Amino acid sequence: MGPNERRYVEEVFASNYIAPLGAFVDRFETSVREFTGVKAAAALSSGTAAIHLALRLCGVKAGDRVAASTFTFIGSVAPILYQGAEPVFVDSDESWNLDPLRFEEACEKERPKALILTHLYGQSAKLDEIVSICEHYGVTLIEDAAESLGATYGGRHTGTFGRFGIYSFNGNKIITTGGGGMLVSEDEEAITRARKLATQAREPAPWYEHTELGYNYRMSNLLAAVGVGQMEVLGERIEKKRQIFREYQAMLSEIEEIDWMPEVPGSRGNRWLTTLTFAESDPMRVIEALEKAQIESRPLWKPMHLQPLFKGTRSYGGKVSEELFARGICLPSGTAMEQGDLERVCEIVREVTQ
């Protein structure tokens, strides 16, 4: 937590208004708008809820096809199933993010209605190429920037290139409200409609009137107060995350088999997690050695096309993300880490790999 979260939460308690909506919800939405430069934002209960609303607002319905990065977290793609639509998974390229060539192949053969593009581990995908393909094939772009708040491509924030962008404030993200998300767009009318859908689609009547299906997706005033305080230190968090990556890179430079997740040209990631692959060593041996020292690390995401839930789903490519999953690891990357913590992690990695 930063210096002001507790003070803002106390203000919420003093106001005796902690329920959904409230002054801090408005302030949180404003802070995200001003930071990213986007026109409109709606604070929601999760990033997954934001993706679901984006699909609904794009008119995705049962039987439609939605392309998505296969190398991602389940929350990125589960909303496709919420809408009764069919996912079409697209492999990664050397950037670890979605491969534009594979995506174009999917567009040619599947004609998806939308693309959910994940900016993986805080690193921007190849937006120029992907946006161009979306425009050519009439595919609506939804940016899953859950992990990449503060990352930029060509000086512009991830999450602001598509019709919709989403951010997450889950407990493990670069800033957190404990749980929450944000839907952003240049389309102010769409965000106004998103707020209605997120509030059970209640009509403006003295009683509870409903003419369409809505959801209970709005963020509470209490959590938004934490978000306001977190946004005040986001810049510092990004710099600390990037510093952690540089320290790891320097301290493990003698291990030649390590390959680090790259930044695509013209981008600047937030380095939410420091991630790497081993050419020869078994990453699970490293994870187990760290666990014995009570240090948490994790494998990279298991691709969605390998998940039992999605057995039989169409996918384009898969070998790149499969190899990343088999060879990769996420190192501890919390911004509370000190130099001694980093050195301790690196010592164990060296012991296992050399």
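This is a predicted model: local features need pLDDT of at least 70, side-chain atom pairs count only at pLDDT 80 or more; totals for chains, interfaces and linings use all residues.
**A note on surface, rings and a buried helix**

1. Ile74 belongs to helix H4, residues 74-82, and is partly exposed at a relative accessible area of 31%.

2. On to the rings, where the whole structure holds 9 aromatic pairs. Phe73 and Trp301 form a tilted pair, because their planes meet at 35°, with 5.2 Å between the ring centres. This pair links distant parts of the chain, 228 residues apart: Phe73 is in the loop between strand E2 (65-69) and H4, and Trp301 is in the loop between strand E13 (298-299) and strand E14 (315-316). Phe73 is partly exposed at 41% relative accessible area, and Trp301 is partly exposed at 22%. Ring pairs also join Phe73 and Trp301 with Tyr121 and Trp272 in a cluster.

3. Have a look at Phe245 and Trp260 too: their pair is edge-to-face, with 5.6 Å from centre to centre and 85° between the planes. Phe245 is in helix H9 and Trp260 in strand E10 (residues 258-260), so the pair ties together parts 15 residues apart in sequence. Phe245 counts as buried, at 7% relative accessibility, and so does Trp260, at 14%.

4. Two arginines have their charged ends over rings: Arg27 over Tyr8, 5.1 Å from the ring centre, and Arg156 over Phe161, 4.2 Å from the ring centre.

5. Why is helix H8 (residues 221-231) largely enclosed by the rest of the structure? Because 9 of its 11 residues are buried, among them Asn221, Gln230 and Met231. The cover over these buried residues includes helices H1 (5-15), H2 (23-36) and H9 (234-251).

Notes:
Residues are numbered from 1 along each chain as its sequence is written. Side-chain values use heavy atoms; hydrogens and water are left out. Buried means under 20% relative accessible area, exposed over 50%, partly exposed in between (1.4 Å probe, protein chains only). Helices (H or I, at least four residues) and strands (E, at least two) are DSSP runs, numbered from the N terminus. Contact means heavy atoms within 4.5 Å. Rings of Phe, Tyr and Trp (its six-membered ring) pair if their centres lie within 6.5 Å; planes under 30 degrees apart count as stacked, over 60 as edge-to-face and the rest as tilted. A charge sits over a ring if NZ of Lys or CZ of Arg is within 6 Å of the ring centre and within 35 degrees of the ring normal.
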